[in-house]
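Dear colleague,

Please find below the structure that I am handing over to you.

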Amino acid sequence: MTFTILEQLLAHISFFLLFLVTLIYWGKFILINNEELNLVGKIGMIIVSSSITIFLVIRWIISKHFPLSNLYESSMFLSRGLTLIHLILENKAKTNWLGIITAPSAMLAHGFATLSLPREMQQFLPLVPALQSHWLMMHVTTMILSYSALLCGSVLAIALWIVTATKHEKISPIKFHTNSIFYSFIYRNCEERISKNTFCDSQKSLYFINFRKWQLINELDHWSYRIISFGFPLLTIGILSGAVWANEAWGSYWNWDPKETWALITWLIFATYLHTRMIRGWGAEQSAIIAFLGFFIIWICYSGVNLLGKGLHSYGWLPQSL
């Protein structure tokens with residue numbers, strides 16, 4: 001009883017904190033960039049990540065199985081994965097704007113679990129026979145972590161596409177491309193020239209705007225590409241481990257189940273994204289469109305197929321999920 005109350009308390013606290021952290025990141029992005037707010041946001045995300053981790057551990061203790069057996073638990077794990085990616089990126093990137101994307105993403109995943117799903121899906125129930133396997137931890141964990149990474153990378157790519165789509169000739173005295181060494185050199189020296197007052201006020205404003213936009217585009221491109229490159233191998237491992245598990249549970253490695261089919265489509269979409277970047281040499285704008293498509297495909301694969309309640313993964317609806 002005590003564990004159950006603590007679990008519910010942690011779920012509500014973590015969602016409330018995610019809501020506050022989202023407001024903080026968007027507030028400082030729109031209104032004021034303050035170091036104290038940055039620190040509060042970072043501490044808030046650490047507390048949220050820890051709270052969700054403790055929440056999952058408590059459900060593990062109570063249910064006596066790994067807490068990834070239904071859509072409620074997997075959505076909470078997805079939110080946990082997004083907060084973890086945020087903390088890693090914020091530490092590596094040394095930037096404070098990532099929270100405007102990762103914090104609301106984690107909040108939406110958390111809100112979907114706690115506010116949208118019926119109470120029946122949040123209850124502790126015995127595992128169905130197909131889930132009573134040591135593959136549960138490896139397969140589902142890698143799949144959810146891959147979803148977290150691919151969703152995060154896709155959202156960054158969508159932001160990149162929006163920023164590049166809002167370029168206007170009237171504020172761009174110089175056309176630039178994110179892969180151009182020549183213009184990279186120009187913009188690297190832009191701040192120095194501004195500080196030396198080699199531009200008039202109007203030129204200074206135009207170059208400053210373009211320089212900041214160029215910086216943002218390159219950061220979005222850099223991290224979206226690397227996060228997707230991290231999530232894709234996890235998705236591959238998840239699909240392969242799922243095939244082995246399916247052979248043990250259902251006697252066949254591949255059954256063209258709706259969940260399996262959409263997982264394959266997701267894999268093909270992001271394989272295409274990486275192929276266009278690594279082999280074809282596409283720029284950030286063109287590849288972002290593929291990642292944009294991948295964002296919607298992931299949600300269809302993750303929750304849409306579950307909510308249909310059809311196929312071998314039909315235990316994903318109501319009592320059991322995923």
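In what follows, a helix is a DSSP run of H or I with at least four residues, a strand is a run of E with at least two, and both are numbered from the N terminus. Under that definition, Arg277 is found in helix α9. Please bear in mind throughout that this is a predicted model.

**Overall architecture**

The protein chain has ten helices and zero strands. Read along the sequence, its pattern is therefore α-α-α-α-α-α-α-α-α-α. Of the 322 residues in the protein chain, 50% are buried. Among contacts with a separation of 6 or more, 78% are made by residues 24 or more positions apart.

**The nonpolar core**

In soluble globular proteins, nonpolar side chains tend to be buried together. In this model, the largest nonpolar core holds 78 residues. Within this core, the residues with the most contacts are Ile101, Ile144, Tyr147, Leu156 and Leu220. Two or more residues each are given to the core by α1 (2-30), α2 (35-63), α3 (71-93), α4 (99-116), α5 (135-165), α8 (201-250), α9 (258-278) and α10 (284-308). The element that gives the most is α5, with 17 residues.

Once its neighbours within four places in sequence are set aside, Leu156 is in contact with Trp97, Leu98, Ile101, Leu220, Trp223, Ser224 and Ile227. Two of these partners, Ile101 and Leu220, are also listed among the core residues with the most contacts.

**The packing of α2 against α3**

Two packed helices are described by the angle between their axes and the distance between the axes. For α2 and α3, the axes come within 9 Å and cross at roughly 145°. This crossing is left-handed. On the α2 side, the residues that take part are Lys42, Met45, Ile46, Val48, Ser49, Ile52, Thr53, Phe55, Leu56 and Arg59. They meet Tyr72, Glu73, Met76, Phe77, Ser79, Arg80, Thr83, His86, Leu87 and Glu90 in α3. By class, this contact is made up of ten nonpolar, five polar and five charged residues.

Ile54 is also found in helix α2. Ile54 counts as partly exposed, because its relative accessibility is 43% and that class lies between 20% and 50%.

**Helix α9**

Which residues does Arg277 touch, not counting those up to four places away in sequence? They are Asp221, Tyr225, Trp282, Gly283 and Ser287. Arg277 is classed as buried because its relative accessible area is 18%, and the cut-off for that class is under 20%.

Ile269 has its place in helix α9 as well. At 16% relative accessibility, Ile269 counts as buried. Leaving out residues up to four places away in sequence, Ile269 touches Ile290, Leu293, Gly294 and Ile297. For one of these, Leu293, the C-alpha to C-alpha separation from Ile269 is 7.8 Å, at 24 residues along the chain.

**Loop residues**

Lys64, in the loop between α2 and α3, has a positive phi near 65°. Trp256, in the loop between α8 and α9, has a positive phi of about 50°. Are these side chains buried or exposed? Lys64 is exposed, with a relative accessible area of 71%, and Trp256 also counts as exposed, at 58%.

The loop between α4 and α5 contains Val128. Val128 counts as partly exposed, at 23% relative accessibility. In sequence, Val128 and Ser69 are 59 residues apart, while their C-alpha atoms are 8.9 Å apart in space.

**Cysteines**

With a disulfide taken as a pair of cysteine sulfur atoms within 2.5 Å, the count comes to zero. Cys152 is buried, with a relative accessible area of 2%. Cys301 also counts as buried, at 1% relative accessibility.

Yours sincerely

Key. Residues are numbered from 1 along each chain as its sequence is written. This is a predicted model: local features need pLDDT of at least 70, side-chain atom pairs count only at pLDDT 80 or more; totals for chains, interfaces and linings use all residues. Side-chain values use heavy atoms; hydrogens and water are left out. A nonpolar core is a set of buried Ala, Val, Leu, Ile, Met, Phe, Trp, Tyr and Cys residues joined through side-chain atoms within 4.5 Å. Buried means under 20% relative accessible area, exposed over 50%, partly exposed in between (1.4 Å probe, protein chains only). Contact means heavy atoms within 4.5 Å. Axes are lines fitted to C-alpha atoms, for helices over the stretch in contact, and angles run from 0 to 180 degrees between N-to-C directions. A crossing is left-handed if the near helix is turned anticlockwise from the far one by less than a right angle, and right-handed if clockwise. Ala, Val, Leu, Ile, Met, Phe, Trp, Tyr, Cys and Pro count as nonpolar, Asp, Glu, Lys and Arg as charged, and the others, Gly among them, as polar.
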